[in-house]
Amino acid sequence: MNLSGQNVLLFTRTMGLGGTENVVLQLCEILKPQVHNIVVCSCGGVNVEKLDTMGIKHYTVPDITIKNPITVIKIVTELKRIIRQEKITVIHSHHRMAAFYARVVANSNIIQIVNAHNTFYDKKTLTKIAYKKANIIAVGEQVKKNMVEYFGISADKVAVIHNAIKPFEGPVVLDTELEQARQQGYTLVGNIGRLSEQKGIEFFIKAAALVYKENPNIRFYIVGDGEDAEKLKKLTDSLLPEGILTFMGYRSDIQNVMSQMDFIVLSSLWEGLPLTPIEAFSVGKTVIATNVDGTPEIVKDGENGLLVHSADEVQIAQKILYICKEQSIRQKLEENAVKTYEKRFTIDTMKERYIQYYKSVIG
């Protein structure tokens with residue numbers, strides 16, 4: 001067996017917005033020139049259009065988190081059809097339920113690979129069943145530790161391949177609102193992520209309200225969309241005057257937007273290995289980040305960014321005020337942020353590691 005002869009199915013829950021979906025897109029680019037064929041299976045989303053532009057077929061199945069018997073049967077039936085039609089030899093899953101379904105439908109000739117993108121402390125039995133016959137890739141050391149210590153998976157079964165980001169090659173396309181605020185002398189602070197509980201954005205909003213009382217010359221921007229959008233906008237309206245914090249919505253040019261901000265806040269309550277700090281580092285910006293799970297593998301406190309407790313708007317506010325005041329400190333953090341990106345989180349490093357991993361499990 002060799003890599004060039006493989007037909008790969010990348011199986012995930014959605015192709016909507018998020019870090020996992022971004023990794024799937026990256027793997028499509030990495031693997032397409034290396035394998036015979038590659039297809040993607042999910043319940044759909046905005047990134048299906050990107051797959052189309054890459055010339056990669058997408059198969060739509062029901063949401064794999066839905067557990068009713070009719071849906072389960074539909075998913076299993078469709079997966080078996082995809083495997084037959086595409087002559088699949090490798091199923092690479094990016095969700096625990098995807099890994100579970102892969103185990104159900106895969107025959108002994110199909111290689112199973114699964115990416116663990118987050119730390120979890122639930123569904124222990126299901127996870128162990130899903131991962132039992134799979135080759136496991138953790139996106140960070142803390143994710144691997146979670147696999148080993150909580151789920152009891154042997155450490156030698158779990159490889160670590162860090163997430164990565166392509167370099168931003170520009171040119172910078174100026175955002176009118178950001179440029180106007182900068183010309184008026186404001187410091188621009190961003191928070192990028194899905195508007196969901198995981199990202200802890202309510203604590204960023206509460207921190208912004210505290211900061212505004214101390215320093216009205218700062219403007220805040222939230223980039224992203226999600227199920228908590230309306231709730232978070234109502235919270236903002238209750239805490240801040242109009243125009244102090246702006247919801248910019250979904251943007252496909254994250255690095256371009258980040259490059260026009262002064263620094264980024266990552267307020268997550270939990271993470272695997274987040275892409276946001278890597279994106280920020282790639283454009284020379286430092287990060288104030290919550291000290292959760294795999295985030296400290298990227299953000300080193302006082303070296304390339306600042307770490308704070310999760311769900312603590314007071315500490316987030318204190319660090320925002322500090323980094324706004326101490327320009328020389330911020331410059332040092334920014335310089336080290338770029339070095340961190342170039343040394344550990346480039347797409348070339350990720351590409352090399354995934355290709356070598358595939359060759360090892362296939363060979």
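Helix α3 (residues 69–86) packs against helix α4 (residues 96–105) with axes 10 Å apart and an angle of about 65° between them. The model described here is a predicted one. In passing α4, helix α3 makes a right-handed crossing. Sorted by class, the residues joining α3 to α4 are eight nonpolar and one charged, with no polar residue.

Helix α4 also packs against helix α5 (residues 124–131), where the axes come within 8 Å and cross at roughly 50°. That angle makes α4 oblique to α5. The crossing of these two helices is left-handed. Helix α4 contributes R96, M97, A99, F100 and R103 to the contact, while α5 contributes L126, T127, I129, A130 and Y131. By class, the contact of α4 with α5 contains seven nonpolar residues, one polar residue and two charged residues.

A further helix pair consists of α8 (residues 201–214) and α9 (residues 229–239), whose axes come within 10 Å and cross at roughly 15°. Angles under 35 degrees count as roughly parallel, and α8 and α9 are therefore roughly parallel to each other. Helix α8 passes α9 in a right-handed crossing. The residues that meet are I201, E202, I205, K206 and A209 from α8 and L232, L235, T236 and L239 from α9. Six of the residues in the contact of α8 with α9 are nonpolar, one is polar and two are charged.

| Helix pair | Crossing angle | Axis separation | Handedness |
|---|---|---|---|
| α3 and α4 | about 65° | 10 Å | right-handed |
| α4 and α5 | roughly 50° | within 8 Å | left-handed |
| α8 and α9 | roughly 15° | within 10 Å | right-handed |

Residue T236 belongs to helix α9. With a relative accessibility of 5%, T236 counts as buried, because buried means under 20% relative accessible area. Setting aside residues up to four places away in sequence, T236 touches I205, L245 and F247. Of these, I205 is one of the α8 residues in the contact with α9.

Turning to the nonpolar cores, the largest has 44 residues, of which Y131, M261 and V287 touch the most other members. When its neighbours within four places in sequence are left aside, Y131 is in contact with R96, A99, V114, N115, A116, I136, M147, I153 and K157. Apart from this core lies another of 31 residues, including V24, V40, I137 and M350. Y131 also has a part in the helix packing, being one of the α5 residues in contact with α4; R96 and A99 are among the α4 residues of that contact.

Residue V172 lies in the loop between β7 (158–160) and α7 (176–183). Its relative accessible area of 42% makes V172 partly exposed, because that class lies between the buried limit of 20% and the exposed limit of 50%. Leaving aside neighbours within four places in sequence, V172 is in contact with N256, S259 and Q260. The C-alpha atoms of V172 and A209 are separated by 30 Å, and these residues are 37 residues apart along the chain. A209 is among the α8 residues that meet helix α9.

Terms used. Residues are numbered from 1 along each chain as its sequence is written. This is a predicted model: local features need pLDDT of at least 70, side-chain atom pairs count only at pLDDT 80 or more; totals for chains, interfaces and linings use all residues. Side-chain values use heavy atoms; hydrogens and water are left out. Axes are lines fitted to C-alpha atoms, for helices over the stretch in contact, and angles run from 0 to 180 degrees between N-to-C directions. Helices (H or I, at least four residues) and strands (E, at least two) are DSSP runs, numbered from the N terminus. A crossing is left-handed if the near helix is turned anticlockwise from the far one by less than a right angle, and right-handed if clockwise. Ala, Val, Leu, Ile, Met, Phe, Trp, Tyr, Cys and Pro count as nonpolar, Asp, Glu, Lys and Arg as charged, and the others, Gly among them, as polar. Angles under 35 degrees count as roughly parallel, over 145 as roughly antiparallel, 65 to 115 as roughly perpendicular and the rest as oblique. Contact means heavy atoms within 4.5 Å. A nonpolar core is a set of buried Ala, Val, Leu, Ile, Met, Phe, Trp, Tyr and Cys residues joined through side-chain atoms within 4.5 Å. Buried means under 20% relative accessible area, exposed over 50%, partly exposed in between (1.4 Å probe, protein chains only).
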